[in-house]
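I opened a new notebook page for this one.

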Amino acid sequence: AGGKSGSNRAGSTIPEVWSPKNGFTALPDADIQAMTTNGNWWYPHVYVNSEGRIIIIMANGNSDVYLVGVDGRGSVEKVGNRPFASDKLGASIMYDINKVVMLDNNG
C-alpha cells in the first residue's frame with residue numbers, strides 16, 4: 001500500500017499492487033487520504049486476507065482500519081478503528097488466516 005509520490009519522497013495516498021505479469025498497478029479508486037497526517041507519511045500495517053483484499057491498519061496516531069479491493073481501479077471501505085494506541089513503529093503479524101495481532105504502546 002502506498003508508494004513514493006514524486007521527487008519529494010512524500011508518500012502516496014493511492015495504493016499500488018504488484019504482479020509478475022503487470023508490475024506495479026495503481027488503484028486510484030482506493031485513494032486513502034488518511035495515509036498522510038500533517039504532511040507525514042508512514043507505512044501502514046498491511047496484510048492480504050483470504051478473499052485477496054488488502055487489510056490496512058493505519059499507523060502514527062490514526063486508528064482507521066480499511067479493506068482495499070484490488071480488482072480494476074480498486075475500492076476502499078473503512079471497516080473500523082483500532083481500539084488502542086499504537087506507535088508508527090509498532091509490531092503486528094498475521095498469525096492465522098484473517099487473524100492479525102498488533103501490540104499497543106504498552107506491549
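I count helices (H or I, at least four residues) and strands (E, at least two) as DSSP runs, numbered from the N terminus. Read along the sequence, I get β-β-β-β-β-β-β-β-β-β-β-β. That is twelve strands and zero helices.

I noted the ground rules next. This is a predicted model, where local features need pLDDT of at least 70, side-chain atom pairs count only at pLDDT 80 or more, and totals for chains, interfaces and linings use all residues. Residues are numbered from 1 along each chain as its sequence is written, and side-chain values use heavy atoms, with hydrogens and water left out.

I looked up contacts (heavy atoms within 4.5 Å). Among those between residues at least 6 apart in sequence, 33% join residues at least 24 apart.

I checked burial (under 20% relative accessible area; exposed is over 50%, partly exposed in between; 1.4 Å probe, protein chains only). Of the protein's 107 residues, 31% count as buried. The protein exposes about 6700 Å², and carbon and sulfur atoms supply 50% of that.

Which residues make the nonpolar surface patch? I found I93, Y95 and V101, with about 310 Å². Nonpolar side chains (Val, Leu, Ile, Met, Phe, Trp, Tyr) are joined within 5 Å, like charges within 9 Å. I93 is in strand β11, residues 92-96. Why is I93 called partly exposed? Because its relative accessibility is 48%.

Definitions and conventions: Patch = residues over 30% accessible without salt bridge, like charges linked within 9 Å, V, L, I, M, F, W, Y side chains within 5 Å. Areas by Shrake-Rupley, 256 points an atom, 1.4 Å probe, with all protein chains shown as cover. Salt bridge = Lys/Arg side-chain N within 4 Å of Asp/Glu carboxyl O.
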